Amino acid sequence: MTETPMTETPKIETHTHHTDPISRGRTPARQTTVRSTYRLQLRPDALTFTDARAIAEYLQQLGISHLYLSPILTAAVGSTHGYDVTDPTTVSAPLGGPAGLKALADEVRSRGMGLIVDLVPNHVGVADPRQNPWWWDVLRNGRESQFAHFFDIDWSAGNGAGGRLALPVLQGENDPAALTVDRSGSEPMLALHDLRFPIAAGTDGDNALRIHDKQHYRLVSWKAGLCTYRRFFAVSSLAAVRQEDPEVFEITHRELAAWCEHDLIDGVRVDHPDGLSYPTSYLTKLRRLIGPHRLLLVEKILANREPLDATLPVDGTTGYDALSDYGGVLIDPNGEQTLTELSRKLAGHGSDRAWIGETEHRIKRAVAENILAPEIRRLVAAIKRDAHAESFDTMALTNATIEVLAFMPVYRVDYAPLAGMTGAVVAEVEKRNSELTVPLSVLVTALATNGEAAVRFSQVCGAITAKAVEDTMFYQAARLVSLQEVGGNPARFGHSLNEFHLSNSERAQRWPATMTTLSTHDTKRGEDVRARIGVLSQAAETWARAVESWQEIVPGPDGATTLFLLQNMFGIWPADGRPASSVAGLRERLHLFAEKAIREAGVHTSWEEPDAEFETKVHGWLDAVIDGPVGSEIGDLVHELAPHAWSDSLSQKLLQLCGPGIPDIYQGCELWEDGLVDPDNRRPVDFAARAGLLQSLTGTPALDTTGAAKMWIVAYALWLRRERPDCFVGGTYLPLFAAGEHESRLVAYARGRAGETPEVVVAATRHSLALAEAGWGDTTLELPQGSWTDRLTGHTFQGRARLEKLFARLPVALLVR
């Protein structure tokens, strides 16, 4: 082994053009290879198309090949995320309109880059009916509206609203008395506080309540469990649209077709395809529209060990499956017993496999019986029709249907690899309760017809799972909250090296152009927050003693809430020794997060029924922690473990950036980030500071609070992907294993061109806390034949490399033959 110091930083390229094809095959001349993406959360007040153009040069210098844009169609006024599209036929004017999009596309094309767009086919925003012309027309004209068939509305006389469209917008029993008629504009409207609703022709001229009774819609309390249109999950402000209707598909994809025709985009990300009636047929039509060579990714949440359907005409998912792998391999299984016991002691349960199984079933039933009761009611009615069992006992059939849905282990069961799963679940439910045999036979008969009931069954299944697992149970479990992530499985306490490598190998072979990610706009915690919390698996005894001591000093609101919030506080606490109270905005962010967390958990308080007394107690405890001795001790522990948190952050980042698939970087995450759940993770990013830091990097940075080391690794990994693209998307993946005392603390693999010897070796540290005193000792890594230079440090190695030398400067290495 020889070592040569790095003398200079490689020149940053500002105008590179790439015409090598996407892994799917040949591409049109102007399309650019998708090697990496950078997610931008566009918003009218902070990041428009013009703003994106301004940072294109910086992203090019960083090594990004494609800007991955959040939804760009016209959304609700002031929307900071864009998923509440109000007009799918126009590009958002506040973001810059069609001209702004064209200018952005031209800008990135001139730099050899491209665009990926986020498409929202499942639903549109209807919070303010005036902003959605389709919805407004349906409210005015009812089922006679030219847009009535665009939406999935139950107009039947027995729909609970007398055949009218039920809108759950009333806040209380006295709300109807607040109805007035607004005659200030060109047409009279019913007014409810700030909301306005149309008045059908020939129904004006009376008082507001009588006018309301003559409309095609009926305003009802959101607590009444009455909603006669399909929604996005239980969000009444997002109405689902019927993409199975050819006219709906054509008009909602007209803009996308134009972007493809004019070669403005290189790929599409599909939001929530599981909500559609026929996701497979939809994706087939979408693939036909965008062509065979543009990237097509689906936001598909895969359950534990669920494969992505290989018959789908897609390139892969948006990466939650990979996120679970990269975080899981860094978790130390030796901490499981201690953290389980701590959870059992404080929360009353171990947050383990047994508790999760029982709790998931219980919460799914509660979700189905409460916030998704309208969807269940409509599903059961469809089951009766399809099974020709209109006179069957509704309560018994509802109970049997909910029980099957509550045991369903996936979001949606009608994908090809899951054939037979429904039958297995039905058999298990029948085995548990033989009294359900007869109503189950009605359900089975309906599902066998493959009609409306089968479609609604799959749609409701996903909604129940999302609301019960991600939005509730993941806020109740408290053993190690970094495991409680979208697409994650907190019952699995980490991944072994062998499991990690096999998962990566399958990804390289089956889905070489899938997206991989560590942070998104939907993650519960950002990547560096999860990495720091994950270190507690290595320091389980220390953490358990600390938590028990803190409980004595400042008793928390209750054990589970305390344990949950303390981990999140540890995850975002300043690592530089400053008190949390001195960090601008941190106190407010923690209070907002805590309020959302305890309401989502739904144990002591909820969005529907807030408990002011409990919430006041939580906020008081938070302030006591922040301002008192417990806060100081949290800071001390964060500072002590910071090097290991940074080590895990860099490890998962390099493993992701060079692993199989196309890596996505969420905006700002090229530096340390401390984002919590939305809207916290959608805060504006200081791109000027990042661009300045990138330009100033001249030598291997130290692990410190600036995050320069993370940017260094991101840039070098992306530059390498640009230099040798064939080694990555479509390239080979070879697991490498260390030998010696600490062999289990290394994660390493090699990448290369198909059919050729490896050209890149990635090595990363795991479980670093045990290395703090003694170091790597005699542990070595046998490198493939050749001379290897670490792009991160300039050091050169060959043969058997000692890990104490390999990781002398950083806890990761990026070796190139």
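**Helix 6**

In this model, which is predicted, I looked up helix 6 (residues 254–261) and noted its buried residues as Glu255, Leu256, Trp259 and Cys260. Looking down the axis of helix 6, I found that these buried residues fall within an arc of 140 degrees, so they line one face of the helix.

I then asked which elements the buried residues of helix 6 pack against. My list has strand 3 (73–75), strand 4 (85–91), strand 5 (114–119) and strand 14 (267–270), together with helix 2 (97–110) and helix 7 (279–290). I also checked what comes after helix 6, and noted that Asp263 follows, with a positive phi near 60 degrees.

**Strand 21**

Next I turned to strand 21 (residues 746–752), where seven of the seven residues are buried, so the strand is largely enclosed by the rest of the structure. Which residues point which way from strand 21? I noted Leu746, Ala748, Ala750 and Gly752 on one side, with Val747, Tyr749 and Arg751 pointing the other way, and all of them are buried.

**Partners of strand 21**

For the pairing, I looked up strand 19 (residues 732–736), which pairs with strand 21 in the antiparallel sense over five bridges; within this pairing, Pro735 stands opposite Tyr749 of strand 21. I then looked up strand 22 (residues 760–765), which runs antiparallel to strand 21 and is joined to it by six bridges. Here I recorded that Arg751 stands opposite Val760 in strand 22, and that Arg751 is, like Tyr749, among the residues pointing the other way from Leu746.

How values were computed. Residues numbered from 1 in each chain as written. Predicted model: local features only at pLDDT ≥ 70, side-chain atom pairs only at ≥ 80, totals over all residues. Heavy atoms only, no water. Buried < 20%, exposed > 50% of the residue type's maximum accessible area, 1.4 Å probe, protein only. Helix = DSSP H or I, 4+ residues; strand = E, 2+ residues; numbered from the N terminus. Pairing = 2+ DSSP bridges. Arc of directions from axis to C-beta. Contact = heavy atoms within 4.5 Å.
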